Number of protein chains: 2
Amino acid sequence: MQVPSPSVREAASMYGTAVAVFLVILVAALQGSAPPESPFPYRIPLDPEGTLELSWNVSYVQETVHFQLLVRELKAGVLFGMSDRGELENADLVVLWTDGDSAHFGDAWSDQKGQIHLDAQQDYQLLRAQRTREGLSLLFKRPFGTCDPKDYLIEDGTVHLVYGILEEPFQSLEAINVSSLQTGLQRVQLLKPNISVPALPSDVRTMEVRAPDVLVPGRETTYWCHITELPDGFPRHHIVMYEPIVTEGNEALVHHMEVFQCAAEFESFPHFSGPCDSKMKPERLNYCRHVLAAWALGAKAFYYPEEAGLAFGGPGSSRFLRLEVHYHNPLMIKGRRDSSGIRLYYTATLRRFDAGIMELGLVYTPVMAIPPQETGFVLTGYCTDKCTQLALPPSGIHIFASQLHTHLTGRKVVTVLARDGREKEIVNRDNHYSPHFQEIRMLKKVVSVHPGDVLITSCTYNTGDRKLATVGGFGILEEMCVNYVHYYPLTQLELCKSAVDPGFLQKYFHLVNRFNSEEVCTCPQASVPEQFASVPWNSFNRQVLKALYSFAPISMHCNKSSAVRFQGEWNLQPLPEIISKLEEPTRHCPASQGQSPAGPTMVSIGGGKG
Amino acid sequence: MQVPSPSVREAASMYGTAVAVFLVILVAALQGSAPPESPFPYRIPLDPEGTLELSWNVSYVQETVHFQLLVRELKAGVLFGMSDRGELENADLVVLWTDGDSAHFGDAWSDQKGQIHLDAQQDYQLLRAQRTREGLSLLFKRPFGTCDPKDYLIEDGTVHLVYGILEEPFQSLEAINVSSLQTGLQRVQLLKPNISVPALPSDVRTMEVRAPDVLVPGRETTYWCHITELPDGFPRHHIVMYEPIVTEGNEALVHHMEVFQCAAEFESFPHFSGPCDSKMKPERLNYCRHVLAAWALGAKAFYYPEEAGLAFGGPGSSRFLRLEVHYHNPLMIKGRRDSSGIRLYYTATLRRFDAGIMELGLVYTPVMAIPPQETGFVLTGYCTDKCTQLALPPSGIHIFASQLHTHLTGRKVVTVLARDGREKEIVNRDNHYSPHFQEIRMLKKVVSVHPGDVLITSCTYNTGDRKLATVGGFGILEEMCVNYVHYYPLTQLELCKSAVDPGFLQKYFHLVNRFNSEEVCTCPQASVPEQFASVPWNSFNRQVLKALYSFAPISMHCNKSSAVRFQGEWNLQPLPEIISKLEEPTRHCPASQGQSPAGPTMVSIGGGKG
């Protein structure tokens, strides 16, 4: 921890926690354009107490994000920024700090040890600093990409926002070390799609799926399960939109919510409202897994395209719905009541197309495994041309949204569309994917998939903290690699996933045996997880497993439902051959680079104790 | 080919080949420092006719090379520069060109198609353009590294210099395409070591080893073999220095020369003077392989360190020497006479230490092979801690020079010294190695090797034009990976090389069999080259071979001579483990960057037809 020098200590005592009572901040030199006229459509609390609140908007034309950071109880300053996975080290930061006399605003970065340094190039640009009734409001902007190698590149997908609170003045920026501060992170999709909102039908009706008056448990993580049912005889409708209903004051508590439809094969489901891991939860609720709606922190309303809707109600579908609410309560607040949920907008006037959800990626099988101690191991699942040829209508399907899914070691997910051996288009990509933040995301651009196209889903895993191989499967300590794509028109194809051919995996275990003095059990009684557990993970066995996965034939699941395959031969299929890859877009440096100030912006502070 | 527009064509006719008769060039704006006082110690003809001659010096303090390019018969301009392997495409160039009216000098680059473009950043800096009796002399300088991604990084080792001759004016730089020009390349070690010349002993004597009055054959490549002998009873001496003797006028013809001592086990060797590939050459000359001296184009005198010399003469060494001269005669000039050779400086007052030559790298065995169609496949040979522990004296040895060696597909060679699992120092590295340019190079810094140290020699190969695997061996179409290091004091260790354990290679062939439907012959009768020839080179077999070479135990040759091993177990040795690698030095951008002119320098030309 940095100890301020005595004179600063004195100044600090003048400030302390009561400093910010009466603070007038005038920005000495405001640069660049005036703040945009448009309001800030997106807003999120950064810390659990909600003292820091971020609003923002995105200009895709200028490739710039405008941020408005509201600091409710300013002490001696604040840090805000972005980093790869939410760590405060190696972060790209803006810092508002005071040395006791004056306040400064600057673009900075933290090194591996958490030490803060001023950026050579100032890319966060302060536009306004204003004292409001709610607190200090800072308005600043930043381009998506800068030419500063110390800067974070703002990309599609998850962004890990970080913050820190300065409790006392610091003589200089370099005197700050993040390890001595109150800090935290918030995940958000910063680059929201810029989609015009489709008109709602005139006969639209709404239904609130809420767990009323839940007493939120005083522990960090709660998944609350609540069963509701549709009215008796509720006919077939189309869901055309849904939005979150978050109980006022609980904005920082409600992390994500999902509505599932239960399985039609059961007449009824027991009513239940309690933690999903409760011993009291009826077994049957595990059969409520068909997603109708999903929301996560920072997301807005979800709209179906004008020509499609998600069918629910009517014969052949269950009347029972399960609401799942994830409460994130790191401060272990007790006694808080919550009635959050999701409001469904639906119409009886069925739209032209039924929307559907298709699973892409890897089959849930242990044959796909990640060795331990890997920091960026990639597994890939295929939806082959043979399957799309057979299962998709001649005019193709249109993917408009996507939800990426892995378990705990997932770090990146991407699905690419390939045609005639050439990668054509990214369906969805998240380079900062977190298993703790799984949203259904509208695509910025609808992707059309035609018969004969190939969809390639790759997940990158970090098993740096594991001692044994992590195999594919349903368990939380096993792994998945899935992209649930939302599309229309609905087809019979529900699952288009692959896994390595099990026979080739046995050849792998056999060669591991031959090359190593240690015994790998390849006897027929040993299960694949047992075989993986006995592999000695030297460089050879790791590299050969990688080589196997990028060479061996695959077994395809080209299925109508999880149990029913399309007709055809799906074993020992060749891996799709890719002859040309999509190129990474080269970032062009903003021309306005020279206009940025070379140092921090000085902010003159008048006032003192109130 | 670029066809100049009519008006330019007219201007061109005014110039043509006779343009440069009377040409006064005044440099309009000379920038930067004055030309250095020091002369140019290094000089080389660029083209076979010697019309372009390059002189240069190196400042390691300023990290800058000063070039003086003499253009003997200036036509409409000249191109000079550097590229990865001597191609005119993707080259870093300076261009002196005239548009008919005025002449320009600029830093440029050629793209993949040979089109020339002006560099955004001008890093070649013109210091003087002067008409002398010999021709136009251009003086310019360039830092080793620039921050321009289009620029070549001048590194230790081979540099491929390229040139082109402009026969007619061009309206603009962009109108020039290298494919329409007379062009060529010359390999050279640009960054010569900056070593102070050791004092020669007072009793130094010289001996010229020359092939007198050779009628150079009118073909592109000739290796001339010439046998001479030391006087009868010539006692033991130390060679302390040697230098080339190149017949005047043949500077562009004599490519490299080596002096070998013949094997002591034969009483005498037949006298012979003729092409080394002649049918008339006596077989016995193949036993003259012990290198005494080697010189290649652009090299200066070779000095032994003050405390060491290379022993020759006396009992136990042959009196017979073989001189080999490589004539490079691409213009197929006939009737040229040459008496080039090497002048040895030797002393009877033996120095404190005998110098020696040790072979590092790979054993000449087919078990080390490169798959076909690889553009950068790396093979690595080890000199293990166990061998250096056993064979080196407690105070270690000192390597002062090195000659890298591969056959035709070699592209890079590097030897690194590691101690306690950590890479410590580069012994010698050539990132632009060419098998056509094998010099003995003085090291910039003597490298001391202690018992227990590891020496790791890696060669990078390009087999892009091969259909079958390239195996290790003596044949010109087989490969080698060798670093002949020159060191003192002499030890018994002549060879410290490795190869993969043959048993593990057989396991590899076995698994290739299992994973592929095609048959790889692993029957005991098949030789290793036959086995490699039958491998189907898919991605799996390539990657597993790489994994094998970086994992499987090795067989060590820790030998006193090529046949006699040091005592000990040398089979199935573990690969040396490297826990920390040497980091690439980060290039700092020169501070003077801003001073460089933004465009080409205008050079005003007075004069016309003579």
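Residues are numbered from 1 along each chain as its sequence is written, and chains are lettered from A, with ligands numbered from 1, in the order in which they are written. Because the model is predicted, local features need pLDDT of at least 70 and side-chain atom pairs count only at pLDDT 80 or more, while totals for chains, interfaces and linings use all residues; side-chain values use heavy atoms, with hydrogens and water left out.

**Stop 1: between the chains**

Show chain A and chain B in two colours. Here 17 residues of chain B are in contact with 17 residues of chain A, where contact means heavy atoms within 4.5 Å. The size of an interface is often given as the accessible area lost when the parts come together. Chain B and chain A bury about 1700 Å² between them, and 69% of this is on carbon and sulfur atoms. Buried area is the accessible area (1.4 Å probe) that two parts lose on being put together, summed over both.

Now select R514(B), F515(B) and F551(B). In chain B these residues lose the most area to chain A, together 38% of what that side buries. Next, colour α3 (502–515) and α5 (539–549) of chain B, the elements that give two or more residues to the side touching chain A. Helices (H or I, at least four residues) and strands (E, at least two) are DSSP runs, numbered from the N terminus. Of the elements of chain B, α3(B) gives the most to this side, with seven residues.

What kinds of residue make up the side of chain B that touches chain A? They divide into nine nonpolar, six polar and two charged. In this grouping Ala, Val, Leu, Ile, Met, Phe, Trp, Tyr, Cys and Pro count as nonpolar, Asp, Glu, Lys and Arg as charged, and the others, Gly among them, as polar.

How many salt bridges cross the interface of chain B and chain A? The rule finds zero; a salt bridge is a side-chain nitrogen of Lys or Arg within 4 Å of a carboxyl oxygen of Asp or Glu.

**Stop 2: a six-stranded sheet**

Stay in chain A and show its strands. An open sheet of six strands has the order β32-β29-β35-β26-β36-β37, with mixed pairing. Two strands pair if DSSP finds at least two bridges between them. Find β32 (441–449) and β37 (554–559) of chain A at the edges; each has a single partner strand, so one side of each is left without a neighbour in the sheet.

Select β26 (residues 356–362) and β35 (residues 482–488) of chain A, which run antiparallel and are joined by six bridges. L360(A) stands opposite N483(A) in β35(A).

Move on to Y488(A) and P489(A), which are joined by a cis peptide bond with omega about -10 degrees. P489(A) is in the loop between β35 and β36 (495–500) of chain A. In chain B, a cis peptide bond joins Y488(B) and P489(B), with omega about -10 degrees.

**Stop 3: a four-stranded sheet**

Another open sheet of chain A has four strands in the order β28-β33-β30-β31, with antiparallel pairing. Its edge strands are β28 (377–383) and β31 (422–430) of chain A, each pairing on one side only. Select β30 (residues 410–419) and β33 (residues 454–461) of chain A to see an antiparallel pair with eight bridges. T415(A) has T457(A) as its bridge partner in β33(A).

**Stop 4: a salt bridge and a positive phi**

Over all chains, the whole structure has 44 salt bridges. For one of these, select E134(A) and R72(A), whose closest N and O atoms are 3.4 Å apart. E134(A) lies in the loop between β9 (125–131) and β10 (136–143) of chain A and R72(A) in the loop between β4 (64–71) and β5 (77–83) of chain A, so the pair ties together parts that are 62 residues apart in sequence.

Finish at E63(B), in the loop between β3 (52–59) and β4 (64–71) of chain B. Its phi is near 50 degrees, a positive value in a residue other than glycine.
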